[in-house]
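Try each task yourself before you read the solution.

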Amino acid sequence: MSAFVGVLVSDPWLQSQFTQVELRTLKSKFISIRNQSSGSVKVADLPPVFAKLKSLSEMFKEDEIKSILGESYKDMNEEIDFEAFLRAFLNVQGNEKAKLGGSKSSSSFLKATTTTTLHAINVSERASYVAHINSYLAEDKFLANFLPMDPATNDLFDLAKDGVLLCKLINVAVPGTIDERAINTKKVLNPWERNENHTLCLNSAKAIGCTVVNIGTQDLVEGRPHLLLGLISQIIKIQLLADLNLKKTPQLVELVDDSKDVEELLGLPPEKVLLKWMNFHLKKVGYEKQVTNFSSDLKDGEAYAHLLNALAPELSSPSTLDTEDPTERAKLVIEQAEKLDCKRYLTPKDIVEGSPNLNLAFVAQIFQHRNGLSADSSKMSFAEMMTDDAQTSREERCFRLWINSLGIPTYVNNVFEDVRSGWVLLEVLDKVSPGIVIWKLASKPPIKMPFRKVENCNQVVKIGKELNFSLVNIAGNDIVQGNKKLILAFLWQLMRFTMLQLLKNLRSHSQGKEITDADILRWANNKVKTAGRTSQMDSFKDKNLSNGIFFLELLSAVEPRVVNWSVVTKGEADEDKKLNATYIISVARKLGCSIFLLPEDIIEVNQKMILILTASIMYWSLQKPAEESEDNEVTDGSPMDGESETSLSREVSELAIDR
């Protein structure tokens, strides 16, 4: 089974340009050259190697790479070390950006995980996002000195550089995600405080469902426009689509006819639900075309005109449909929507040009202000029956966000529906234990034949048993049938296995000794005790943990500066416990822990989530340089070597740079 062996680069900036997957691939290439060249690597050795890397081969031939390197190195026979090898790679890649007409300051290895493009900055999108921020954060006391921003300038990118704006925006999208007591809000932040804010931002963004693979704190510190717009776009999108589910809007059940359709509706991403809602109303008013996207299908403005006529007939005007000029029609559509108090997210030009992000935001705004759905009590009660209890919902949410944070190709919208084909679970297994999946025996969705799904899930169960998961009396068909209890049990074991593997592989000299739950418990208690604190936990289900004091003392023990004890409560009343729990999660994310639990998981002492929280803090602590860490008391192993991972998000990110 493949191990998570980290590659450490002495230059932090250089380290930040690559994921661990990329670094390991490039290092293997470097070592291969060195082994074939009697122990040394020269610049002249690089062109044939770089020409075979997928990320470069599609743009450059070997002689072109040689020419690029020749411009930077006077002597092609100059010997280089691994870091110079990495810089040479970035040099060639920078020329690729220039050849494409993009910016050389663009982050390396950008994976297109959002609909925001890599190249030119979309001025309309920037203006819309600035207007959104000016509106929703206008009353914020800290940002009052900086808002409103001018959409025609780079105010947005400059203001985002200290991390406060993005943290505040995340709280607008999903209130309560970040405890604002954990945000560094001094007028002048030092680099450490600024980095903390960005770390808190990125880990919190993952915790609300954003894809932040290959976006690092350095990208945010430098205010890289296309990456910032991509992240802001996702945050705003999550806010605008928050009500497009049966739990928040049970009236959506009107869009379907029977229970089978409800199950399908539960598995749809919010964007698809929004399209389904739009077509539902368009069909009622006799509009025959099907809207399948937020771009080309909306360019002529006709669908918008019919939708608004269906939802707000009192505001409709025959002239909207009578006009033959698409731009004029788009203008009338926007004027009509503004009468519904919809904020202007786009211009007539954006509609005509088919801007997908801005059209999506516009339709979502219309839905929020007037969804036109009935309040049929019988159908709504049926929808409520289909939703899960609080505990199941929390666990589903946690595992969904964790899976999406791994950067696998498939985005999960509903765990219970999306894993039933087995494909998503195979992708996750291959991510956490590369090479373990036999892909030639797997079938990729869409899968029409049910037995293919069973085959996928049988392989999932087989691999689980190889990893020593407890899967007694569990078969692949249980996953295909959507057995929620068994799916949650499998995912919990998979998440725990991943965390323990990360911890184990930070200990390269532990001679393969497994890290156990008891090791984590012992480490945490020793850490708190060594720091001179008195709290201890008997187990991961110790009810005394509900007040949060132990975890605050643990966080303070691994990084004394991170906890502001003046805002900590005694944790006696329920409200005080919640304040502490919320603060714990934000402080842990501020350090760099990638966690997906909720305050309720701490207050109720959810054993599973408490274990993952403790392990995540331990993982962060063990990554600190050996001279800063005294964390050698877990096993009989020696301290970690110099190749520990730089962060969990780097370890689980993916972009295949090799063939």
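**Exercise 1. Which residues in α27 and α28 meet each other?**

Solution. A quick note before we start: this is a predicted model, where local features need pLDDT of at least 70, side-chain atom pairs count only at pLDDT 80 or more, and totals for chains, interfaces and linings use all residues. Residues are numbered from 1 along each chain as its sequence is written, and side-chain values use heavy atoms, with hydrogens and water left out.

Step 1: list the contacts, meaning heavy atoms within 4.5 Å. On the α27 side you find Trp523, Ala524, Asn525, Lys527 and Val528, and they meet Phe550, Glu553, Leu554, Ala557 and Val558 in α28.

Step 2: sort these residues by class. The contact of α27 with α28 has seven nonpolar residues, one polar and two charged. (Ala, Val, Leu, Ile, Met, Phe, Trp, Tyr, Cys and Pro count as nonpolar, Asp, Glu, Lys and Arg as charged, and the others, Gly among them, as polar.)

Step 3: check the geometry. The axes of α27 and α28 come within 9 Å and cross at roughly 70°. These two helices are therefore roughly perpendicular to each other. (Angles under 35 degrees count as roughly parallel, over 145 as roughly antiparallel, 65 to 115 as roughly perpendicular and the rest as oblique.)

**Exercise 2. Work out how many residues of helix α28 are buried.**

Solution. You get 10 of the 10, so α28 is largely enclosed by the rest of the structure.

Step 1: look at who they are. The buried residues of α28 include Phe551, Leu552, Leu555 and Ser556.

Step 2: find the neighbours. The buried residues of α28 pack against α27, α29 (574-591) and α31 (607-622).

**Exercise 3. Find out what the side chain of Asp519 reaches.**

Solution. Step 1: locate Asp519 in helix α27, which covers residues 517-530. With a relative accessible area of 5%, Asp519 is buried.

Step 1: follow its side chain. The backbone nitrogen of Thr516 sits 3.0 Å from the side chain of Asp519.

Step 2: keep looking. The side chains of Asp519 and Arg522 make a polar contact at 2.5 Å. (That's a pair of N or O atoms within 3.5 Å; within protein, one must be able to donate a hydrogen and the other to accept it, and residues adjacent in sequence count only if both atoms are side-chain atoms.)

**Exercise 4. Decide how α9 and α12 lie relative to each other.**

Solution. Step 1: take the axes of α9 (residues 164-173) and α12 (residues 225-240), which come within 8 Å and cross at roughly 25°. That makes the pair roughly parallel.

Step 1: see what touches. Among the residues in contact, Leu166, Leu169 and Ile170 belong to α9, while Leu228, Leu231 and Gln239 belong to α12. By class, this contact holds 10 nonpolar residues, one polar and no charged ones.

**Exercise 5. Is Asn122 buried or partly exposed?**

Solution. Step 1: go to the loop between α6 (82-100) and α7 (123-136), where Asn122 is placed. Asn122 has 31% relative accessibility, so it counts as partly exposed.

Step 1: jump along the chain. Ser355 is 233 residues away from Asn122, yet their C-alpha atoms are separated by 9.6 Å.

Key. Axes fitted to C-alpha atoms, helices over the stretch in contact; angles between N-to-C directions. Helix = DSSP H or I, 4+ residues; strand = E, 2+ residues; numbered from the N terminus. Buried < 20%, exposed > 50% of the residue type's maximum accessible area, 1.4 Å probe, protein only.
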